[in-house]
Amino acid sequence: MQESVIDIRGLDNAERIKVQLRTEAPKRWQVDDIVALFELPFADLMHRAQSIHRENFDPNGVQVSTLLSIKTGGCSEDCGYCPQAARYHTDVEKQDLMQLEEVLAAARAAKENGASRFCMGAAWRSPKQRDLEPVLKMIQEVKAMGLETCATLGMLKDGQAEQLKEAGLDYYNHNLDTAPEYYGDVITTRTYQDRLDTLERVREQDINVCCGGIIGMGESRVQRAGLLAQLANMERPPESVPINLLTQVEGTPMYGMDELDPFEFVRTIAAARITMPQSFVRLSAGRQSMHEGIQALCFLAGANSIFYGEKLLTTDNPEAETDRKLFDKLGIHPL
Ligand code: SAM
Ligand code: DTB
Ligand code: SF4
């Protein structure tokens, strides 16, 4: 790691100066280094994130993905945030795997609305072979429409990533969700290592990795930094990093949790941008309850991807028209 630490100013916050004067990002991020980023004065953190953002991306371009839940609810897992887990009593209506034609109609509409990527999500622990086959067909057909394809289907077994690649899958979304040491407080039915194994299978097939987590689940700042360290220290960091703000859904164990300070969310986006300079950072779930001023700060902090369209998987997202107006006001163009 190249550092130029010229601590001549003798200020008390030595750690802060160390972080600011670093000329080159470390190859391996220490959790403490990322915590030091979070602790910077807000303007310093934003300046650093925005500078890195401009070195790597068109600062006014935001990639636009549309999500569709192709199989909803009734999931066997116990993810404490998720309205689709069968064991929690939420208002989500269970829906079997959608028919091909319905999926294609949704993809066509997403394309007409300006989305460049179509992401299909299924509430599975892991797809069975008989589940995967119709999904492969969906991927082929969506790809043939000229859209980038993304899927999030749960854990993949040996050979499944290969089939997805052959079908034309561009991205696979599988999140680490939180830091390793907080993970057991959130999910018990699958391990952190299970998730890393799936990500490895995706990488081996040269499918782009979309991997991030959820903020606002009661984790500490050190744990938020811990999640980012896991992502940034991957042999190849994910091409796409969704940062979700917990959407609290009645009936899930995380409903009623203290709300996160919005500036802490913006800081998380900035720290993601700094630690993963070349990844698309997606401002994901949570925009529906987020003031447009905070969203604008997230874009300034380096977020350059969103989910677009009135629904995420089961919860609401801003109306397309609202987002169009926000993009216009901020001079952002969709990528
Ligand atoms: N079942 C698959 C899986 O868990 O990998 C795919 C779908 S799952 C709903 C995709 C991701 O959505 C989760 O990993 C989680 O990060 C995010 N998510 C789910 N519920 C959420 C909520 N209430 N708020 C924010 N993010 C959420
Ligand atoms: C991701 O990280 N966020 C999206 C996508 N990947 C699949 C899902 C957010 C889900 C929010 C809760 C819901 O709508 O059910
Ligand atoms: Fe199931 Fe995915 Fe929800 Fe977990 S996040 S309960 S695996 S749908």
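**View 1. Cys 75 sits in the loop between strand E1 (61-71) and H4.** The model is predicted: local features need pLDDT of at least 70, side-chain atom pairs count only at pLDDT 80 or more, and totals for chains, interfaces and linings use all residues. Residues are numbered from 1 along each chain as its sequence is written, chains are lettered from A and ligands numbered from 1 in the order in which they are written, and side-chain values use heavy atoms, with hydrogens and water left out. Helices (H or I, at least four residues) and strands (E, at least two) are DSSP runs, numbered from the N terminus. An unreviewed UniProt entry places a "binding site" feature at Cys 75, Cys 79 and Cys 82. Cys 75, Cys 79 and Cys 82 are included in the lining of the largest cavity. UniProt positions follow the numbering used here, feature names are shortened, and annotations may be inferred rather than shown by experiment.

**View 2. The largest cavity has a volume of about 850 Å³.** A cavity is a set of points, on a 1 Å grid over the protein atoms alone, where a 1.4 Å probe fits but cannot get out; lining residues have an atom within 4 Å of a point. Grid points are joined across faces, edges and corners, and a volume is the space filled by probe spheres set on the points. Of the 40 lining residues, Tyr 81, Cys 82, Gln 84, Asn 175 and Leu 313 are the closest to the centre. Strands E2 (117-122), E3 (148-152) and E7 (240-245) each supply at least two residues of this lining. By class, the lining has 23 nonpolar, 12 polar and 5 charged residues. Ala, Val, Leu, Ile, Met, Phe, Trp, Tyr, Cys and Pro count as nonpolar; Asp, Glu, Lys and Arg as charged; the others, Gly among them, as polar.

**View 3. The second largest cavity has a volume of about 30 Å³.** Gly 216, Leu 245, Leu 246, Gln 248, Glu 259 and Leu 260 line this cavity. The classes are 3 nonpolar, 2 polar and 1 charged.

**View 4. Helices H4 (residues 100-112) and H5 (residues 129-144) pack at an angle of about 30 degrees, axes 10 Å apart.** Axes are lines fitted to C-alpha atoms, for helices over the stretch in contact, and angles run from 0 to 180 degrees between N-to-C directions. Leu 100, Val 103, Leu 104 and Ala 107 in H4 meet Lys 137, Met 138, Glu 141 and Val 142 in H5. Contact means heavy atoms within 4.5 Å. The H4-H5 contact has 6 nonpolar, no polar and 2 charged residues.

Note on methods. On a 1 Å grid over the protein atoms alone, a cavity is a set of points where a 1.4 Å probe fits but cannot get out, and a pocket is an open set with protein on both sides within 12 Å along at least five of seven lines; lining residues have an atom within 4 Å of a point.
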